[in-house]
Amino acid sequence: MTIESSPNLIDRLSATPYYQQLSDVLEKRIANREIQAGARLPSENDICIEFGLSRATVRQALQLLETRGYATRVNGRGVYATEPESSHGWMIQGGEGFLENAMGHQNRAVSTRVLFHEKCVLPSFACSALHISPESEGYRLERLRYLDGVPALYSVNYSPPFIVPIVESASEVLSGSASFSELLKKAGVFLGGANRTIRAVSVDEVIAEHLEIPNGASVLHIRSVSWTTDGNRFDIYDTWVRSDVIPLEINVSTVQLGGR
């Protein structure tokens, strides 16, 4: 079998570990049926050659692929592609946003409607979370996200001043046809870490109308604060999620974070 080299699929400058990037690539190939369910994945050695990675990194990637339900290991025979259960939800501890996760892992129709966006003075809680001066001018992006035509979540992002020029010029993001998190990556703003708090809340009339649920209905509220690899805070968002439409997924894995 001829192996076509794909080193360009691994971003050597990204803060995302190599094993996680490789797992994402293989997962998308399975989700897009480039690798059919039930088919044997290339050997560890073949993957090492194709991506220019160490065997330890490849093993970590395959382990992660198994924890997400996209592969299963058969002793003495190798690793085989599998179809994950359809109940898999939004992977909230991962680096991906909702759009990328739903498109890559759900195989469901995803759409975004931008309700409001503007350069404005940020609310005090956002300034505090972003570690910037009170009444700093940033950017507010308000969106409604759909799965298969059903409102799944309503979100509001607040960006600090250094992100404003990036967002203002991103016509596709502001029209709802492109990913905000992917925009930031392309602009060189890489996720170093995030803190996400989840709690059950009763929605007010405005959010209920957006999500097409009764006023006072219970949803999950997520507040997330993200920072870059050098510690600069670049995003805070509030999201109200209809977990009856898109469940939240948290995987626990024994995969270690080394082996780059």
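## Close-up views of a predicted model

**View 1. Helix 1 crosses helix 3.** The axes of helix 1 and helix 3 cross at roughly 50 degrees and come within 8 Å of each other. That angle makes helix 1 oblique to helix 3; angles under 35 degrees count as roughly parallel, over 145 as roughly antiparallel, 65 to 115 as roughly perpendicular and the rest as oblique. Axes are lines fitted to C-alpha atoms, for helices over the stretch in contact, and angles between N-to-C directions run from 0 to 180 degrees. The crossing of the two helices is right-handed, a term used if the near helix is turned clockwise from the far one by less than a right angle, with left-handed for anticlockwise. Helices (H or I, at least four residues) and strands (E, at least two) are DSSP runs, numbered from the N terminus. The model is predicted: local features need pLDDT of at least 70, side-chain atom pairs count only at pLDDT 80 or more, and totals for chains, interfaces and linings use all residues. Residues are numbered from 1 along each chain as its sequence is written, and side-chain values use heavy atoms, with hydrogens and water left out.

**View 2. Residues between helix 1 and helix 3.** From helix 1, Y18, Y19, Q20, L22, S23, L26, E27 and I30 meet T57, V58, Q60, A61, L62, L64 and L65 of helix 3. Contact means heavy atoms within 4.5 Å. By class, the residues of this contact divide into 10 nonpolar, 4 polar and 1 charged. Ala, Val, Leu, Ile, Met, Phe, Trp, Tyr, Cys and Pro count as nonpolar, Asp, Glu, Lys and Arg as charged, and the others, Gly among them, as polar.

View 3. Helix 2 (residues 44–51) is mostly covered, with 6 of its 8 residues buried; buried means under 20% relative accessible area, exposed over 50%, and partly exposed in between (1.4 Å probe, protein chains only). The buried residues are E44, D46, I47, C48, E50 and F51. Their cover includes helix 1 (18–31), helix 3 (55–67) and strand 1 (71–74). After helix 2 comes G52, with a positive phi near 65 degrees.

**View 4. Helix 1 against helix 2.** These two helices pack at an angle of about 105 degrees, and their axes are 12 Å apart. Helix 1 is therefore roughly perpendicular to helix 2. L22, V25, L26 and R29 of helix 1 meet I47, E50 and F51 of helix 2. This contact has 5 nonpolar, no polar and 2 charged residues.

View 5. An open sheet of 6 strands runs in the order 4-5-6-9-8-7, with antiparallel pairing. Its edge strands, strand 4 (110–121) and strand 7 (191–202), each pair on one side only. From one strand to the next, the twist averages 15 degrees. Strand 4 pairs with strand 5 (residues 137–147) in the antiparallel sense over 11 bridges; two strands pair if DSSP finds at least two bridges between them. R113 stands opposite L144 in strand 5.

**View 6. The loop between helix 5 and strand 5.** H131 is found in the loop between helix 5 (124–130) and strand 5. Although not a glycine, H131 has a positive phi of about 60 degrees. H131 is exposed, at a relative accessible area of 59%. E135 also lies in the loop between helix 5 and strand 5. Its phi is positive, near 65 degrees, in a residue other than glycine. E135 counts as exposed, with 68% relative accessibility.
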